[in-house]
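Reader: Please take a close look at the aromatic rings in this model. Describe how they are arranged.

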Amino acid sequence: MSMTRFARLRRSLEELFPERHLYVRSGGEMRSFVLTSGRQMVIAGGVAAGALWMGVSTAAMMVNAMALSGHDQELARMQAKSERLVADREARLNSAVAQLNANEGGVDALAVTVERRHAALAMLLTELKGQPGATAALTPAIEKATNAPADASPLRRIEMVRAGQERLIDAADDFAKTRADRLRLAFRLAGLTPSTYMPKSGSLGGPLIEARDPRALAAVLDVDEGFAERIQHAATNLSEAGSLAEAATKLPFARPTTLTPQTSSFGVRFDPFTRRPAFHSGLDFAGAANTPIYSTAPGIVSFTGVRSGYGNTVEVDHGRGFKTRYAHLNGIAVQPGQRIAVGQRVGAMGSTGRSTGPHLHYEVWVNGRAQNPNRFIKAGDHVLQNG
């Protein structure tokens, strides 16, 4: 039965690719070429393989272009939000100044209001202290809030201090929101859900996060409700940014090598040995033998040794379902069970296992599934660029 099917298939192919004769006349001589069915099949197979390769490459380029386009759109949305915040900030400032001028209360009552706002701001600024970029973002607002003319009247000085407080809370809120938005974008670039890495309760101490109702927070801080709501908004963004920044230090966002070019990407490619399309579950970085290889996140070494096809391999468990693999190593510098830090040397680049030359094969696994390591590297670059 199988021989009959094979014969039928062979006849079908011969009918599809009948023997053809080509005659070429050159210099008064006639030459003939015979294209057998077998040769035509080989040519057709090569054309089909080329078309498949072009299709896969085009699809990969389209996916990358869509990802970059989404990234640009997200940045544009962030810029538009920032511009709206600036406009809203100026409107609130003008309203506050007008309200202050229309206030019929005495200087002492206004001074008490300013002191209470100052105490609330101090709580927020204490949490902002030490945040990357906070000093540069808040210094202009702080200088404007404290530079009142010496010859100004007491009422005018209070008015200027309160206006400075408006600028300062807006600058703090803008800084916290921008930092949180950029960290959220970095997590999305890695294909992760930012909310998964935020605590259910706020990480800031005191009433800034605990009082979910602005009216309750206003009562605790003894300030007006509008000012309390803005304090809480900035504190919430700061808390989320802090949680994401802390989570980022524990995820494989760093680069496994430095100054080494990437030679193979994640996904379908032509296998260098079989010359056939095959799935490539990581990234390849080429370099000289014994180039240092570094851990991309803190964790515990879960495996060192030889794996089939991978050669000398190191695997690191980073917790929360994240694992990284470093393969084709020439040497291994860690031991199973060893706790290592981000950037710690785990081995040296080599060509062990199924390899055509010295390079690193790097993989990122999440909950038992291979992910595209390039997304994590781009996310790490984004975190570093924006502090």
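**Aromatic cluster**

Ring pairs link Phe-187, Tyr-197, Phe-253, Phe-322 and Phe-376 into a cluster. This is a predicted model, in which local features need pLDDT of at least 70 and side-chain atom pairs count only at pLDDT 80 or more, while totals for chains, interfaces and linings use all residues. Residues are numbered from 1 along each chain as its sequence is written, and side-chain values use heavy atoms, with hydrogens and water left out.

The structure holds five aromatic pairs. Rings of Phe, Tyr and Trp (its six-membered ring) pair if their centres lie within 6.5 Å; planes under 30 degrees apart count as stacked, over 60 as edge-to-face and the rest as tilted. Phe-253 and Phe-376 form a tilted pair, because their ring centres are 6.2 Å apart and their planes stand at 40°. Phe-253 lies in the loop between helix H8 (225-248) and strand S3 (262-264) and Phe-376 in helix H9 (residues 373-385), so this pair ties together parts 123 residues apart in sequence. Helices (H or I, at least four residues) and strands (E, at least two) are DSSP runs, numbered from the N terminus.

Phe-253 counts as buried at 7% relative accessibility, and Phe-376 counts as buried at 1%. Buried means under 20% relative accessible area, exposed over 50%, partly exposed in between (1.4 Å probe, protein chains only).

Phe-376 also pairs with Phe-322: the centres are 6.2 Å apart and the planes at 80°, so this pair is edge-to-face. Phe-322 lies in strand S10 (residues 322-332) and Phe-376 in helix H9, so the pair ties together parts 54 residues apart in sequence.
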